[in-house]
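Morning, everyone. Please have a look at the structure on the screen, and then I will walk you through a few of its parts.

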Amino acid sequence: MIQETRRVLKNIGKINPESIDDAIRAGAYDGLKKALLVQPADVINELMGADLHGRGGAGFPAGMKQKFVSESCMHCPQRYVVVNADEGEPGTFKDRIIMEQDPHLYLEGTIIAAYAVQASKGFIYIRGEYHDSIRKTRVAIKDAYKKGLLGKNILGSGFDCDIEVKLGAGSYLCGEELTMLESLEGKRGNPRIKPPFPAEKGAFGLPTLVNNVETLANIPFIIAHGKAEFRKLGTEGSPGTKIFTISGRVNRAGHYEVPMGVTLQELIHLAGGMSEGKPFKAALLGGAAGTFVDASMLEEQMSYDNLKKKGATLGSGAVIIFAEGDPVVEALHNCLRFFRHESCGKCVPCRTGTAQLVKSAEQLRNGHPDKKALLEQMIRESTIMAATSLCPLGQSPVLPLKSAASYFSRELTEIK
Amino acid sequence: MTNPLQLMCTQQIIEQFAPEQHNLLNILHALQDNHPQNYLTEQALDDTARYLGLPKSSVYGVATYYTMFSLVPRGRYIVRVCTSVVCELHKAGRVIGSLENMLGITTGETTPDGMFTLELSECLGQCQDAPSVMVNEKVYNNLDDNRLAEIIHQIRGSQKTANR
C-alpha cells in the first residue's frame, strides 16, 4: 500500500516555523552551504541532472530555466529572482503548507537559485489573502539576515543577496509569471506579450528567474544529497516527489507528498478513500485550469509526462474528487464563473468569451433545446479564445470544458 | 483585532516605504489596513500618487484592479466566503445564505452598525477543511450554521469589550 514519502515536507509539524534555530537543527541551509562552495554553473548542472520540473503547473525544467537566466544579458546591471507564491489555483494549497510550516526551506532554495543565476536581489510575491504565509516568511527573512544567510557576503562567500516580500491583492491572473512581474512593479495585473520571456526581460526589464515555492523547496535536497539521490524517487520522465492537495469527496482531504507516478486510485486511498463510501465519479486534476477525468483514469500514473500523453494535466497538483450524484455541470459552471471573474479584460476574446461561457453553462444547467449543439459551441468558442488570448487565462477554459465534454457528454447533454 | 498602525496618519504610513512605484501595492495594503473602515480614501490615493511621483490615474487604476482593495467604506470586519469549486461542493451556498440571514444584509453590503461587510472570494486555499470563510486576517473552516453563529457572536462580543 502506498505511503507518503516526505522529502519537501519532512519538517512539517516537527519544527517551529518561526524558529530559525529549529530549522537549522533540522538541516536547513546545509544545501546553501554546499552550493556556495562550488561554481554557480555547477549548481545549475546539478539541477539539470536532477531534471526537476517546475511545480507551479507548467512543469518546465527548472535547471534549464536557470541556465537561460544565467546566460542572459551579460552586461545587464542586475538580475532578479522572483518567487511565485501567488497560489490561487482552486483546490491548490501546497505552497501555503510550505510557507506556513517550513518557510526556511523555500527561502534556502531561493538563495541557492539566486546564487546559481547570480541575482543579488529577490522578491517573494505572496498572495494578499495568505496572511500567515506573509507573516512567517517575513520572520524567516529577518532571521536569515541575522544569521548572515542573506545580505552582504553570505556566509563569507562573497555573494550578496537581498530578499523582500511583495503582496498580491486578490488577482488569480498575477500567478502567471509575466503578469506577476507587472504587479510586482506596482502596476495593474495585465499580461505582457511573450516573448520576451522573463529570462531575457523580466522584472524592471532585466533578466529574471521566476520559480514556484514548491520548485524552490526541492532545491536544497538536490544540492545537499545530489541529483542521483533525488532521482531515486519518481519516474524517469518526472523525477522526485510531488505534493498533491486532495479535496472534495474523500475522507481525509489534505496535502500528501508522494513520488511522482503514483496512481489516482492510490491518492484517493491515501486520502482515506471516498467519503460516505460513495462511488467515485470524476476528478478535476490541476484545478480550474485543469482537466476532468473519469474512472477510466484511476489506474493511470500521476506524472507530468504520462498525464500529458493521456490528454490530462497534473498542473499544480490539485486533485478534486467528485462522487456519484455530484453534477459535473455544477463544477464546470463554477470553473467558468471563476475565469469570468479573473479575466483582466485586456484581450477581447477572453473578456467577452469568459462571460459568454458562463451564460452557456447556465443554459446547460437550467435547460436548453439542443444541449449537444450548445456544448459543441462552447468548445468551439473556448478554442478560439485559447488561440486569440495573450495569457494562460484565456487559454484555460478550453481545458475543463473539453475534458468534461469528452468524459461526461451524455450527462451534460441529456434533456431533463 | 486592533491594528498596530491604527493611529498613524496616511503620510506616516506611506513614508515607511521607499518612494518607488514597485512599492505601490504594499503601500495600498498598509493604508487600507490602517483605516477602520477598511478602504482607501481619495486622500490616501492622492497622497500615494504624489509620494511615488505617479499620475493619480495610475494609482486609481491599480487600486480598482485588485479585488482586495476597496474605494468605498466597508465594515470593521470583512467576511470573505470562499466560493471555489471545492467549497461549493461542501455547500458554500448555504454558508452565504446563513451569513446573509445572521447579518441581515446581502452579499456586498455592510451591516448598519458598520461592523461587517460580506464579500465572496475565490479559492482561499483551505480546501482540506471546506467550507471556509476569512474574517479580516483569520480563517475559519469546517463551517456549519452553529459555528458561523458562534464566530459572529464572538466577534461582536470582543468588539463590545474593546469599546468599553
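Let me start with one term: buried means under 20% relative accessible area, exposed means over 50%, and partly exposed is in between, with a 1.4 Å probe and protein chains only. By that rule, Arg249(A) is buried, with a relative accessible area of 18%.

Some ground rules. This is a predicted model, in which local features need pLDDT of at least 70 and side-chain atom pairs count only at pLDDT 80 or more, while totals for chains, interfaces and linings use all residues. Residues are numbered from 1 along each chain as its sequence is written, chains are lettered from A and ligands numbered from 1 in the order in which they are written, and side-chain values use heavy atoms, with hydrogens and water left out.

Back to Arg249(A). Its salt-bridge partner is Asp326(A), with the closest N and O atoms 2.9 Å apart. A salt bridge here is a side-chain nitrogen of Lys or Arg within 4 Å of a carboxyl oxygen of Asp or Glu. The two residues are 77 apart in the chain: Asp326(A) is in the loop between β9 and α13, and Arg249(A) is in the loop between β5 and β6. Helices (H or I, at least four residues) and strands (E, at least two) are DSSP runs, numbered from the N terminus. Asp326(A) is buried too, at 7%.

How many salt bridges does the structure hold over all chains? The count is 36. Another one pairs Glu18(A) with Arg135(A), at 3.2 Å between the closest N and O atoms. Glu18(A) comes in the segment before α1 and Arg135(A) sits in helix α7, so this pair ties together parts 117 residues apart in sequence. Glu18(A) is partly exposed, at 32%. Arg135(A) is partly exposed as well, at 41%.

Next, strands. Is β2(A) enclosed or open? 6 of its 6 residues are buried, so β2(A) is largely enclosed by the rest of the structure. Both faces are covered, with Phe123(A) among the buried residues on one side and Ile124(A) among those on the other. β2(A) runs parallel to β1(A), joined by 6 bridges. It runs parallel to β3(A) as well, again over 6 bridges. Two strands pair if DSSP finds at least two bridges between them. In β3(A), Glu164(A) is the bridge partner of Phe123(A).

Now an open sheet. Its 5 strands follow the order β6-β5-β9-β7-β8 in chain A, with mixed pairing. β6 and β8 stand at the edges with a single partner strand each, so one side of each has no neighbour in the sheet. β7(A) and β8(A) pair in the antiparallel sense, over 4 bridges. There, Leu284(A) stands opposite Phe292(A).

Last, the cysteines. A disulfide is a covalent bond between the sulfur atoms of two cysteines. The rule used here is a pair of cysteine sulfur atoms within 2.5 Å. That gives 1 disulfide over all chains. Cys73(A) and Cys76(A) form it, with their sulfur atoms 1.8 Å apart. Why is it called right-handed? The torsion about the S-S bond is about 85°, so the disulfide is right-handed. Cys161(A) is in no disulfide, as the nearest cysteine sulfur, that of Cys76(A), is 17 Å away. Cys161(A) is buried, at 1%.

Thanks, that is my tour.
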